[in-house]
Amino acid sequence: MTTALAGAKLAKQLEKKFPGAVIEAGADSLLLKADQLLAVAEYLNTAPDLAFDYLNYVAATDYYDYFEVVYHLVSMKHNHGLVLKVRCHDRQNPSLPSVTGLWRGADFQEREIFDLLGISFEGHPNLRHIVLWEGFEGHPLRKDFL
Amino acid sequence: MEIEELYSRDDVDEREGRQINELMARSQTPIPDPDDWLDEELKRNVLVTSVDAVLGWARRTSLWPVFCFPACCAFELITTAASRFDISRFGMEIIRASPRQGDLMITAGTLTWKMAPQVKRIYDQMAEPKWVIAMGACAISGGIFRSSYSVVPGYNRIIPVDVYLPGCPPRPEALLYAIGLIRKKISQKSLIQEGK
């Protein structure tokens, strides 16, 4: 079975490389600063002892005060997993860096989040409607929709 | 391959969106049940009664359903077609994948606006005469999803419905009863009303 990496231990390792990037370390998760997400994700992807080469899924939730986007990472090589979380506090123009450059599998899921929650992913090659149709107004998964 | 080539072209999506928005704007009121001819007793039973009888018999005993199973009511429909309930007793076991060969649409499931143009297109492609059973709460009125942003509140917004079958989902027995009603309706239809 895939072992979950201990958040606190990994946070210490990341603190040396990216000071201040980890806001909070959970049991098997890390809450990251949004502007550091891409740098940390790239390190997690490429560092040989971590080698997170597979993105299980991207999900997002509206918590009224902020949007939280969750990335479930797995390393096929080492058979370990990690959960990354990023918060997006701007409700008017929520924006996060896209991880499609690191994991192509994020493509459709980021589009879905863009479609249903309205978070725009900077650097996404094709950020358009995916489940709703062209011309649909609003973002239905936001808590203030309707 | 260029990365842009992997994605669908903008104009295809824009055309789809336009189509859906136009259909939505057109479909704000339900289409009335096209059964006003059922009361016209006088016009019936003149001239072509025996032709009517033969035509009605032929039509009602070989109703071929069309594929339209967008959601969970489909399982009751599949059960109805399977051995225990067996709609082949009514000559209906051939469920046509092509709408041009079918004459009964059993709308088994929730319809979203994104799917609505396709369902309307399937209905338009069916040859006359054609009938529709709205199967289940979602097909009748949108059911529990009625107020959702993406769900069509009843198939009668986009196509005329002949028989409404309540239930969530209806049992196969109920579907068989609805098919009985459709058969009754078909046998009452006369050539005289055909033009309507």
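The structure is a predicted model, in which local features need pLDDT of at least 70, side-chain atom pairs count only at pLDDT 80 or more, and totals for chains, interfaces and linings use all residues. Residues are numbered from 1 along each chain as its sequence is written, and chains are lettered from A and ligands numbered from 1 in the order in which they are written.

Chain B comprises six helices and four strands, where helices (H or I, at least four residues) and strands (E, at least two) are DSSP runs numbered from the N terminus. From the N terminus on, the order of elements in chain B is α-α-β-α-β-α-β-α-β-α. Of the 196 residues in chain B, 30% are buried; a residue is buried if 20 or more other C-beta atoms lie within 10 Å of its own, exposed if 12 or fewer, and partly exposed in between, with C-beta atoms placed from the backbone. Among the contacts in chain B with a separation of 6 or more, 82% join residues 24 or more positions apart; a contact requires C-beta atoms, placed from the backbone, to lie within 7 Å.

The four strands of chain B form an open, parallel sheet in the order E1-E2-E3-E4, two strands being paired if DSSP finds at least two bridges between them. Strands E1 (65-66) and E4 (163-165) of chain B are the edge strands, each pairing on one side only. Two bridges link E1(B) in the parallel sense to strand E2 (residues 104-108) of chain B, and B:Val66 stands opposite B:Met105 in E2(B). Helix H3 (residues 73-81) of chain B lies across E2 and strand E3 (131-135) of chain B, at about 130° to E2(B); axes are lines fitted to C-alpha atoms, for helices over the stretch in contact, and angles run from 0 to 180 degrees between N-to-C directions.

Helix H6 (residues 172-188) of chain B has 17 residues, which at 1.5 Å a residue should span 24 Å, in agreement with the 24 Å between its end C-alpha atoms; the expected span is 1.5 Å times one less than the number of residues. Its buried residues are B:Pro172, B:Leu175, B:Ala178, B:Ile179, B:Ile182, B:Arg183 and B:Ile186. Seen down the axis of H6(B), these buried residues fall within an arc of 145° and so line one face of the helix, the arc being that of the directions from the helix axis to the C-beta atoms. B:Arg171 is located in the loop between E4 and H6 of chain B and is partly exposed, with 13 C-beta neighbours inside 10 Å.

Eleven residues of chain B are in contact with eight residues of chain A.

How values were computed. Contact = placed C-beta atoms within 7 Å.
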